[in-house]
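Hi,

Here is the structure I promised to pass on to you. Please have a look at it first, and then read my notes below.

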Amino acid sequence: MSDPILSIRDLTVEIPTRHGILRPVDSVSYDIAAGEILGVVGESGAGKSMAGNAVIGLLNPPAHIAQGEIRLKGQRIDQLTGNAMRRLRGKEIGMVFQDPLTSLNPLLQIGDQLTETMLAHLDISRDEAQKRAIAALEEVGIPGAADRVDSYPHEFSGGMRQRVVIALALCAEPSLIIADEPTTALDVSVQAQIIALLKRLCRDRGTAVMLITHDMGVIAETADRVAVMYAGKLAELGPVRDVLTEPRHPYTKGLMGSTPLASKGKARLHQIPGAMPQLDALPDGCAFHPRCPRAEGKCRANPAPTLAAHDNRAACWFPLDPKGGA
Amino acid sequence: MALVSVDRLTRVFDVSKPWLNRVVERRKKAFLTAVSDVSFEIEERRVYALVGESGSGKSTIGKMLVGLLNPSSGSVKIRDVDLARESDAKKIDDVRRDIQMIFQDPYASLNPRWRVRDIIVEPVAARGGDTEGMAERLLEQVGLSARDAGKFPHEFSGGQRQRICIARALASEPKLIVCDEPTSALDVSVQAQVLNLMSDLKDEFGLTYLFISHDLTVVQHMADTIGVLYLGRLVEEATPQELFDDPKHPYTQMLLDAAPQLDGFGREVTPPTGEIPDPINPPPGCAYHPRCPLAAPVCSRERPEMRPLRGARVACHMAE
């Protein structure tokens, strides 16, 4: 395998509070190769967005990276100064957030927002930037791009705005895109359009994509590999088909079981008892053990094993056997 | 007899600018038709689900059912009483008692300054009923502890809050509960708990649900009958099995195809074209015709009526 675009090792994010140190991200390691889409799933509070924000250097103090390293194309980026990070952000790493309305400046025409980004990062003339802006809008499928560069964000529908945000993330030709719930605010039909667009751009340009979402269906259709997070830790990592059809971590299995599926009909949904623990009240041992049907003494006493970036298995003392059986 | 019967229900909102702007900018009044000519019936002890994308009018229908909005035309009859037109206060009161609602956002629908006990018994206390021990009993019924009655809403997680909302809805022993996206704000594992709870309570209390959601898989799991809405119009109505195995309206087909599937590894979806049109100026004829692969000339002229087709009802000229 060629060198990964993004490589995260043992990443830990800490937030010091009056009641002790919280770890929204705890010893997380994974790689994303060029042209690969890594899906990061988990329920709210699992730390999936926090990991993305750590990569792009957008942690809000007092949250900070306490441990581990982040490498982009082999270069360490977790210790860069604010200015160096700013040059990287937008140029090497593009970002797509959940709400397209808050990631666009309402007072600037979208053409200006695109050219501003390109002029800041690329050594090109204003005319050239203007041309590229129109080309970028065409690429993401905005009809009549040449006329619409002069429009303001409020003149676009939600789906079209998200396309503009994607054009904005792509215009400086980054090698990594972090897409944080890019389709959660959109309707099903528009979601399908945006996902098809992300997949095509990733394939054509060889961009690595970190797709953060809570929707297992989106992950199944889009991602090449998937990382399942629970209470700040990586619970399971592997190729998407393996993880979703033959989950090894009891949490992944429970998650798949609680998702209503057309083929399951009206049978009662499998439910995982309880809810994910708050970060300030994590149980001892494996964070999942109070909800886990397989938990034994070892799970209560010892934290779950930590997954290395290439382990294709679950962070569990008693993983499920993929070939069925126990 | 059906518990709820909705007949040619229409709701129009006036979205005009203030009159001075209209005079200065020479604009006409603007009207948004949120719900247009929708008819359906809900049998007792059944779950009727309305699905649709944003702007399809599903929440507006829910609000008209509980009486939070009045219909512009058409009628909603619950146990044969039309709440908007009935003049007998006693009858209205009787029917109102039978209707409750569960909202999407469990953070916005509970008063943060009230204790859970007061929140839950409010529907009964407001009518001067006896509320002794009621909150405790209901809390245990929805899977919380009786001790929780003395707490405030902020002490609970999203899923627990939704359980409190359900307990409150049950307090007045309603027959019909309108659930507007009850699990959309919840995580998958919590959603499963709440859906299971709602199914159990339905059997236990003999409830009827109008279940409003945008999530096809949730609807398919819960509903006995599904109505698909597009731009305020009912385009198809069928049982879940019928709808998922043999969708008849091209819009339903598109929705089912576009929805991400858990086993759709590497599936290449041909994304649907276009977006939902502006409801202030809906296309003439069938609202879906500009995006429809089957569209014929008649589709842009005449609005299709609902007609029966192989065990379902569908509003489409071309479906067969």
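What follows is a short tour of what I found, starting with the conventions.

This is a predicted model, so local features need pLDDT of at least 70 and side-chain atom pairs count only at pLDDT 80 or more, while totals for chains, interfaces and linings use all residues. Residues are numbered from 1 along each chain as its sequence is written, and chains are lettered from A and ligands numbered from 1 in the order in which they are written.

**The two chains**

Chain A has eleven helices and ten strands; here helices (H or I, at least four residues) and strands (E, at least two) are DSSP runs, numbered from the N terminus. The radius of gyration of chain A is 21 Å, close to the 20 Å that the globule rule gives for 326 residues, so chain A is as compact as a globular protein of that length. That radius is taken over C-alpha atoms, and the rule is 2.2 Å times the number of residues to the power 0.38. Along the principal axes, the C-alpha trace of chain A spans about 65 × 50 × 40 Å.

Buried residues make up 48% of the 326 residues in chain A. A residue is buried if 20 or more other C-beta atoms lie within 10 Å of its own, exposed if 12 or fewer, and partly exposed in between, with C-beta atoms placed from the backbone. For contacts in chain A with a separation of 6 or more, 65% are between residues 24 or more positions apart; two residues are in contact if their C-beta atoms, placed from the backbone, lie within 7 Å.

Turning to chain B, its secondary structure comes to ten helices and twelve strands. The C-alpha atoms of chain B fill a box of roughly 65 × 55 × 45 Å along the principal axes. In chain B, 44% of the 320 residues count as buried, and 65% of the contacts between residues at least 6 apart in sequence join residues at least 24 apart.

**Domains of chain A**

Chain A is divided into domain 1 (1-92 + 175-192 + 204-320) and domain 2 (101-173), with bounds that come from an automatic or database domain assignment. The centres of these two domains, taken over C-alpha atoms, are separated by 30 Å. Seven residues of domain 1 of chain A are in contact with eight residues of domain 2 of chain A. The domain 1 side of that contact has five nonpolar, one polar and one charged residues. For these classes, Ala, Val, Leu, Ile, Met, Phe, Trp, Tyr, Cys and Pro count as nonpolar, Asp, Glu, Lys and Arg as charged, and the others, Gly among them, as polar.

**Where the chains meet**

The contact between the chains takes 35 residues from chain A and 33 residues from chain B. On the chain A side, helices H7 (188-205), H8 (216-222), H9 (240-245) and H10 (250-258) each supply at least two residues. The largest share of that side, six residues, comes from H7(A). By class, the chain A side divides into 16 nonpolar, twelve polar and seven charged residues.

**The core**

The largest nonpolar core holds 185 residues, of which A:Ala167, A:Tyr230, B:Ala49, B:Leu210 and B:Phe211 touch the most other members. It draws at least three residues from each of domain 1 and domain 2 of chain A. Such a core is a set of buried Ala, Val, Leu, Ile, Met, Phe, Trp, Tyr and Cys residues joined through C-beta atoms within 7 Å. Leaving aside neighbours within four places in sequence, the contacts of B:Leu210 include B:Ile42, B:Tyr48, B:Leu65 and B:Val178.

**Strands and backbone details**

In chain A, strand E1 (residues 6-17) runs antiparallel to strand E4 (residues 64-72), joined by seven bridges, and A:Thr12 stands opposite A:Gln67 in E4(A). Eight bridges join E1(A) to the antiparallel strand E2 (residues 20-32), where A:Tyr30 is the bridge partner of A:Ile8. Strands pair if DSSP finds at least two bridges between them. E1(A) and E2(A) form a hairpin with two residues between them.

Most residues other than glycine have a negative phi, and most peptide bonds are trans. A:Asp10, in strand E1 of chain A, has a positive phi of about 55 degrees. A:Asp10 is partly exposed, with 14 other C-beta atoms within 10 Å. A:Ser27, in strand E2 of chain A, has a positive phi near 50 degrees. A cis peptide bond joins A:Pro61 and A:Pro62, with omega about 10 degrees.

Best wishes
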